[in-house]
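Plan: look things up one at a time and jot down what turns up.

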Amino acid sequence: MADFRFELISGGASGPRLGRVHTAHGAFDTPAFLPVGTQGAVKTVSPEEVRDAGAQAILANTYHLHLRPGERLVRELGGLHRFMNWDGPILTDSGGFQVFSLSELRTLTPAGVTFRSHLDGSSQFLSPEIAVRIQEDLGSDIMMVLDECLQYPATYEQASASLDLTLAWAARCKDAWRGRNALFGIVQGGGYPELRLRSVAGLRAIGFPGYALGGFSVGEPPALMYDLVGATAPHLPEDKPRYLMGVGTPADLVEAVDCGIDFFDCVLPTRNARNGSLFTATGPVNIRNAAHAADPGPIEPGCPCAACRSYSRAYLRHLALCRETFGLRLNTIHNLSYYQRLMAGVREAIAAGRWAAFRDGFRIAQAAKRD
Ligand SMILES: [Zn+2]
């Protein structure tokens, strides 16, 4: 872990923070948004296009890469960075979320979870120790402990029992970790603030280089997520990075930064792009709408991305209706650029001491969009 270090530039235990996460594959500035490269690729775009959009780090999914092509092959070919030609920081999840969301016929025991592969139906087993080993073989810079991902809503008793299992698994992950990269604990506890705090206390007692908040964006109202994140984040160690997993909308990111979160990942910008839903400062644009049929303008005036620099809404609508893969790529480039510009704006506002004005302006613009 000699290469992993979190540099807190400004801010404290609560409220917006400015920082930098250092890894063996370079650093990324926080608050940050990590695009998702589920199968070792950010869907439809190249690593160069991901970097050109402003991203400094990405996420890859352990579950998918474990099932195909397998972590041993990736390791033999020099690790995930070389395999996918991304030389910046890579964060991997533990695979737990996909086991609990994608696979069928799960059998959960204290030892681990047995599940059927969604690819070929084969029986698979994932334990805390195996989850760490897979991520080490992939060569991840930031690894996650294996956690049980609860369905929402869950009762207090379900959430409490799940939390105990997740804490026991976190301790086993820490024991299995060989320390070459960073391992993050994951705060669980469902929708119950007292369980979230019990989770934080348990994880702090084990001790991790960073802390993730899991179990959000699973169908709960945004206001509940903001309340829980706001109640939890101040209890995490001030000098360690905080990562809100699988979140979220532009509004989610701004509100969570306000609560003291340092970085995020989410499929939203890339998945929405492939559905023709494009983010702009004045609200989402559905590029398939007839209103854009003869529009010579860009998706978002002033956007420096390759799609907005050279292509009209009319052309992008045409590509979307024809299902041309080039359209998926241009849409993805724009949405990635939007998210990275949002985070750059967040960092600039914090650095310049005008966070409150930035946040309030963003909230007003969001409220206007709903009208
Ligand atoms: Zn653009």
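This is a predicted model: local features need pLDDT of at least 70, side-chain atom pairs count only at pLDDT 80 or more; totals for chains, interfaces and linings use all residues.

I started with Cys-305, which is buried at a relative accessible area of 5%.

Next I looked up what Cys-305 is doing. Its SG coordinates the zinc ion, along with Cys-303 (SG), Cys-308 (SG) and His-334 (ND1), at 2.1 to 2.3 Å. I checked the geometry too: the angles among the four donor atoms run from 99 to 119 degrees, and the site is tetrahedral. For reference, I noted that the ideal angle for four tetrahedral donors is 109.5 degrees.

Along the chain, I read the donor spacing as C-x1-C-x2-C-x25-H. Cys-308 sits in helix α12 (residues 306-310) and His-334 in helix α14 (residues 325-351), so this pair ties together parts 26 residues apart in sequence. I looked up burial for both: Cys-308 counts as buried at 8% relative accessibility, and His-334 is buried at 0%.

Then disulfides: I found zero in the structure.

Last entry, helix α9 (residues 222-232). Which of its residues are buried? I got Met-225, Leu-228, Val-229 and Thr-232. They span an arc of only 95 degrees around the axis, which puts them on the same side of α9. I then listed what they pack against: strands β11 (182-187), β12 (210-213) and β13 (242-244), plus helices α8 (193-206) and α10 (250-259).

Terms used: Residues are numbered from 1 along each chain as its sequence is written. Side-chain values use heavy atoms; hydrogens and water are left out. Buried means under 20% relative accessible area, exposed over 50%, partly exposed in between (1.4 Å probe, protein chains only). Helices (H or I, at least four residues) and strands (E, at least two) are DSSP runs, numbered from the N terminus. The arc is that of the directions from the helix axis to the C-beta atoms. Contact means heavy atoms within 4.5 Å. Donors are N, O and S atoms within 2.8 Å of the metal (3.2 Å for Na, K and Ca); water is not among the atoms, so sites may look incomplete. Four donors count as tetrahedral if all angles lie between 85 and 135 degrees; four count as square planar and six as octahedral if opposite donors are over 155 degrees apart and all others between 65 and 115; anything else is irregular. A disulfide is a pair of cysteine sulfur atoms within 2.5 Å.
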